[in-house]
Amino acid sequence: MLSALPAQASAVDHLRRFVQEIQTFKADFNQKLLDQNYQVTQEASGSMMFQRPGKFRWVYEKPYQQLIVGDGHRVWFYDQDLNQVTVRQLDLAIGNSPAALLAGSSAIEKDFNLTDITIEDEIDWLEATPKNKETNFELIRMGFSKAGELREMILRDNFGQFTLLVFNKIDFNPQLTHELFQFKPPSGADVISD
């Protein structure tokens with residue numbers, strides 16, 4: 001569980017505490033991709049987990065099965081339908097991405113400008129903009145409950161599309177085994193590496 005913050009704590013305060021206190025994290029997610037006209041073009045769901053620094057596992061269950069594993073050095077993208085694996089160096093793959101905000105080190109303000117934003121709802125929001133403009137995302141918004149629990153993320157890419165992630169069944173600092181962050185390509189899979 002997270003330590004208490006003052007009642008007037010900002011979303012940036014919540015993020016700083018989240019990064020300092022949460023070493024492992026596990027949740028289910030629902031994801032929606034919206035076009036520039038805010039029309040839903042794709043929906044997905046699955047589960048995710050991370051262990052700082054740089055280890056994460058995203059399991060997409062619907063509408064198709066896909067696995068993304070970061071082992072601290074490389075990121076493995078496995079498309080089960082195509083039986084294809086793409087491998088990238090971790091720093092090149094997550095750099096200034098949402099994964100860097102969630103599973104990266106505590107030096108987030110080195111890579112992102114963080115600003116509290118006001119939206120009238122039950123969630124405290126912040127906006128993170130990458131300092132390096134050579135990234136796939138223009139901005140990332142993170143929403144925390146009043147208790148400081150991460151609930152939502154909104155990502156806007158360089159094409160004006162939005163990805164909305166809603167987290168549920170959240171578990172802070174669970175015991176996660178080393179094997180969860182390892183990946184071995186299945187026999188016969190096409191492997192593409194940078």
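1. Two residues are in contact when heavy atoms of one lie within 4.5 Å of heavy atoms of the other. The structure discussed here is a predicted model. In that sense of contact, and setting aside neighbours within four places in sequence, glutamate 152 meets Ile123, Trp125, Arg141, Met142, Gly143, Leu164, Leu165, Val166 and Phe167.

2. Glutamate 152 belongs to strand β10, which covers residues 150-157. This glutamate is buried but forms no salt bridge. The nearest side chain of opposite charge is that of arginine 151, at a distance of 8.0 Å.

3. Strand β10 pairs with strand β11 (residues 162-172) in the antiparallel sense, over 5 bridges. In general, the strands of a sheet pair through backbone hydrogen bonds, and the pairing is either parallel or antiparallel.

4. Which residues have the most contacts inside the largest nonpolar core? They are Phe18 and Trp58, in a core of 35 residues. Helix α1 (residues 11-21) supplies the largest share of this core, with 5 residues. A second core, of 8 residues, is separate and includes Leu67, Tyr78, Phe183 and Ala189.

5. Apart from residues up to four places away in sequence, phenylalanine 18 touches Phe25, Phe50, Arg52, Leu102, Phe144, Leu150 and Phe172.

6. Is serine 45 buried or exposed? Serine 45 counts as buried because its relative accessible area is 16%, and the cut-off for a buried residue is under 20%. Serine 45 is part of strand β2 (residues 40-51). Beyond residues up to four places away in sequence, serine 45 touches Phe29, Asn30, Val59, Tyr60, Glu61 and Lys62. Serine 45 and valine 59 are 14 residues apart in sequence, and their C-alpha atoms are 8.4 Å apart in space.

Key
Residues are numbered from 1 along each chain as its sequence is written. This is a predicted model: local features need pLDDT of at least 70, side-chain atom pairs count only at pLDDT 80 or more; totals for chains, interfaces and linings use all residues. Side-chain values use heavy atoms; hydrogens and water are left out. Helices (H or I, at least four residues) and strands (E, at least two) are DSSP runs, numbered from the N terminus. Buried means under 20% relative accessible area, exposed over 50%, partly exposed in between (1.4 Å probe, protein chains only). Lys and Arg count as positive and Asp and Glu as negative; His and the chain ends are not counted. A salt bridge is a side-chain nitrogen of Lys or Arg within 4 Å of a carboxyl oxygen of Asp or Glu. A nonpolar core is a set of buried Ala, Val, Leu, Ile, Met, Phe, Trp, Tyr and Cys residues joined through side-chain atoms within 4.5 Å. Two strands pair if DSSP finds at least two bridges between them.
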